[in-house]
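The following exercises concern a single protein chain. Please work through each solution step by step with the model in view.

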Amino acid sequence: MDITYYGCGEMIKFENVSFNYSKSDDRSVKNINLEIKKGEAVLLCGESGCGKTTLVRMINGLIPHYYEGEMRGQVFIDEMDITRSELYDTAKKVGSVFQNPRSQFFCVDSTSELAFGPENMGLPEDDIRARIDRTVESMNIRKLMDRSIFDMSGGEKQKIACASVDTLDPEVCVLDEPSSNLSLEAIDDLKDTLKKWKKAGRTIVVAEHRLYWLKDICDRVICLNKGKVVFDMPMKEFRLLKEEELRRYGLRSINENLAMTPLKEKISFANKIILENLAYSYRKYDALHVDHLEIPQNEVIAIVGPNGAGKSTFSKCVCGLMKGFKGYALIEDKKFKKKDLLKKSYMVMQDVNHQLFCETVMDEVTLGMDEVDEERALKVLDKLGLSSFAQRHPMSLSGGQKQRVAVASAILSDKDIILFDEPTSGLDFYNMEKVAELIRSLRGSKTVFVVTHDPDLVRRCATVVLRLENGIIASEYIYGEKRENGRKEEKCYTAAV
């Protein structure tokens, strides 16, 4: 059912706004004129690097007060000029949820993080506690309270980021790729949160690539391409667009198929990797417990499951990154312990900002090569749509572009085991397909693990699907054969929404 908005005057207004970042020659957005009404929910969409995140940063004041560059025009929030107002004044009106929630945390535990905003507003202690209790109940996150943020999964951190915004009770909420690291189950929770925010009369702006979950929330869709608005239409009209029209703008389907099914390929276990004692605990929290697991060598294995199920811990153990990990792998009858696995593996992390070190993209992607081969590197960059950025600084790129740089680095690393943690986070349809094609091309020469919540990616490149729940392998799925490992019946996402 569609949710109507409280259309009673302008809340956000862009007047002839242009901006280009100091490290870029091209303008990120060009001559934007937009008006968003109070209580309206707006979806910003378009290809990676089209300017969505830049618009979000202008609404919350991070541009021009935090990100350096040249800005023209003005942005108003409820008649307040954001371009001239201090960030602490803007923060009273606008709450932000970033693509990487870690970048907005100030505290080490979840309860303190929810209290941080209201405390800075100078609210009485009783009011702060009341706000926290209201948020915890409405968002159903009681089990995440009094937890270390460092021990949480990416999806759990995203929930805490949304909750910290909710305790501020802002008039405007902006979200940048909020579903990029969330499981299908967690997206349902996020959807409920946004519906409650909308019912409360808040103005909502969401920059997003995964569109299906917003079709019953957003009233309006604004699509950008190369920094310009290419269309601005009601959601009711947008839902009628054909798939070919969506693809023209690099958009994913509004009626996304959520089935996590592998490719129709025959799998041989003649050569296999055996993982023994794949277990890990964070203090008293048992995050992963897999005694014995056999997987086919040189295949693409998708690791799926709810947020907090142990997927990222699984991948870090496989490549020997977890301190204190006692397990090992048997590969071609040889035993590989933690240090051996570290030398044999390459991992693309969920937050790629932690592994971008060089001054140029070319230097970055050739860093892990045994022998630098720029010609080969350019071919991989070209397949990922990055060849024109070869001499750009990696940190000057958009989130999706950085993600593809990290993917290119992994493919060029010459390692036998490659692990990707959410490789399509923040990617549009075309770039998701490019990443899937490259990962699929590794089949037969590399053993690839892909931790993901992206059904589109799974169906395009995975030959084996392992589902983790509560730290154990709940099911194994190879085309034509699915094995349930004694788990209880649960809600299944196997049909199109």
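**Exercise 1.** Leaving aside neighbours within four places in sequence, determine with which residues L175 is in contact (heavy atoms within 4.5 Å).

*Solution.* Step 1: with those neighbours set aside, the contacts of L175 are V97, C162, L194, W197, I204, V205, V206 and A207. The largest nonpolar core has 90 residues, and L175 is listed with L194, F238, V365 and F420 as having the most contacts inside it. Such a core is a set of buried Ala, Val, Leu, Ile, Met, Phe, Trp, Tyr and Cys residues joined through side-chain atoms within 4.5 Å; buried means under 20% relative accessible area, exposed over 50%, and partly exposed in between (1.4 Å probe, protein chains only). Step 3: apart from this core lies another, of 32 residues, among them Y280, L288, I301 and I331.

The model is predicted: local features need pLDDT of at least 70 and side-chain atom pairs pLDDT 80 or more, whereas totals for chains, interfaces and linings use all residues. Residues are numbered from 1 along each chain as its sequence is written, and side-chain values use heavy atoms, without hydrogens and water.

**Exercise 2.** State whether E79 and E177, two residues with positive phi, are buried or exposed.

*Solution.* Step 1: E79, which is not a glycine, has phi near 70° and lies in the loop between β4 (69-77) and β5 (80-81). Helices (H or I, at least four residues) and strands (E, at least two) are DSSP runs, numbered from the N terminus. Step 2: the relative accessible area of E79 is 77%, so E79 is exposed. Step 3: E177, also not a glycine, has phi of about 50° and belongs to the loop between β7 (172-176) and α7 (184-199). Step 4: because its relative accessible area is 4%, E177 is buried.

**Exercise 3.** How many disulfides (pairs of cysteine sulfur atoms within 2.5 Å) does the whole structure hold?

*Solution.* Step 1: a search finds 0. Step 2: for C218, the nearest cysteine sulfur is that of C45, 9.6 Å away.

Key. A disulfide is a pair of cysteine sulfur atoms within 2.5 Å.
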